[in-house]
Amino acid sequence: MKLADSNENMPDSNRILHHLSDFPALNQKINGHQLVYLDSAASSQPPSCVIDAIAEYERNDHANVHRGVHTLSHRATEVYENSRDKVVSFINAKSRNEIVFTRGTTESINLIAQSFSRSSLKKGDKIIITHLEHHSNIVPWQLVCEQTGAKLEIAAIDETGEVNSQALINMLDDKVKLLAISHVSNALGTINPIEKWISVARDRHIPTLIDGAQAVPHMSVDVQELDCDFYAFSGHKMLGPTGIGILYGKEEHLDKMPPWQGGGDMILEVRFSGTTYNELPYKFEAGTPNISGAVGLGAAISYLQDIGMDRIKTHEKEILAYMTAELKKIDGLRLIGTAKKKASVQSFLLDDIHPHDIGTILDNQGIAIRTGHHCAMPVMEYFNISGTARASLGLYNNKTDIDRLIESIGIAKKIFN
Ligand code: 7TS
């Protein structure tokens, strides 16, 4: 993938469109119509370079990591560890010891809940989350609260989908042992002011965990600048494969945390009299890891970095603004999630049509959106609805995609009225 030199003076949106041919899955017809993929918040489409990197690894280098003296094992170890280095640079971690490969955001958060939190929480301690969270930043805390007697407290949102920032800050008292918050809401697209919250939490000696699943694909993230303690994200939402994700953690925490899962690779010595654990980050990577997934994630990072996260952000911001403006023009359409700062996502309802019916009619027109509660049932409960239709963007979307969406919503309206 290369940016054509002759396009250096094009507006960002046009330059990014240059990469459309990099995404093979987008080049197909669904139900007789050119596919318009507006479900990247659920999972993004991988570019050819990611698919090729995985195929090349499987064809030539497949072996287990960290344990063989033979050439293929060395190669597998090298590509796996190279990907870790790419993650270090992508989020500007201080060291590769801070980057743990996991199955995804969900596993990263569960790791923190079961290692960092479970080993230190006492009855009466508190964990704070917001009303905006994905289930994977709710249920792990409910579990660990049941296990320890700690309490989960929820920072409220308003009808635009913004968290009441001052109320959240007021909740951060000396009983709070973790602030676990999404960077960007998957159901509403709200970008939370995490910089401010992290800074207040830091002043009050409260560690912070950021669920960055919906942020990392759309904007540059610098964990040192944020100064968060933990940051979690998934490969498959940032053009990479499924089954691979990252837990970033400050070394001072990871060092002290007990292992979460036991098995091969996470140990130095195993005896029946006792076991000693491997150094970071391997202490948290028990068993044979998802090597091809890491390779694919590394290729995705290179692809994103080649284009530039700031350019991606600018492009998506323009498309999101266009989509929101066009949706607003539709009679009977209600936007759910109208925060001032948003990324990538627009949820909506149309007249009294069930979101699943909208999704089905759109699919008949070749448009892929997600419908339902988006694993954010408390958000739906707040708005007193069972679900929404949600269009979400990736860097490969353009205004023509939005025009097709709007046209198809018009068709849905006609069918139902
Ligand atoms: N956190 C957020 C904010 C998410 O959006 C998601 C997935 C997760 C955590 C879990 O990520 P996983 O890769 O471990 O599954 N969100 C969605 C979605 O919006 N539609 O499908 C999955």
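A: A pocket is found on a 1 Å grid over the protein atoms alone, as an open set of points with protein on both sides within 12 Å along at least five of seven lines. A molecule sits in a pocket if more than half of its atoms lie within 2 Å of the pocket's grid points. Here the ligand takes up the space of the second largest pocket. The model is predicted, so local features need pLDDT of at least 70 and side-chain atom pairs count only at pLDDT 80 or more, while totals for chains, interfaces and linings use all residues. Residues are numbered from 1 along each chain as its sequence is written, and side-chain values use heavy atoms, with hydrogens and water left out.

The shell around the ligand consists of 15 residues, each with a heavy atom within 4 Å of it. The closest are Thr-106, Asp-211, Gln-214, Ser-234 and Arg-370. By class, 3 residues of this shell are nonpolar, 8 are polar and 4 are charged; Asp, Glu, Lys and Arg count as charged, and Gly is among the polar ones.

Arg-370 places a polar side-chain atom 2.4 Å from a ligand nitrogen. For Thr-106, an N or O atom of the side chain is 2.6 Å from a ligand oxygen. Arg-390 has a polar side-chain atom 2.7 Å from an oxygen atom of the ligand. On its own the ligand has 490 Å² of accessible area, and the protein covers 87% of that (Shrake-Rupley method, 1.4 Å probe).

Where does the ligand lie relative to domain 1 and domain 2? Domain 1 (5-45 + 309-416) and domain 2 (51-305) both give residues to the shell, so the ligand lies between them. The domain bounds come from an automatic or database assignment.

Terms used:
A polar contact is a pair of N or O atoms within 3.5 Å; within protein, one must be able to donate a hydrogen and the other to accept it, and residues adjacent in sequence count only if both atoms are side-chain atoms. On a 1 Å grid over the protein atoms alone, a cavity is a set of points where a 1.4 Å probe fits but cannot get out, and a pocket is an open set with protein on both sides within 12 Å along at least five of seven lines; lining residues have an atom within 4 Å of a point.
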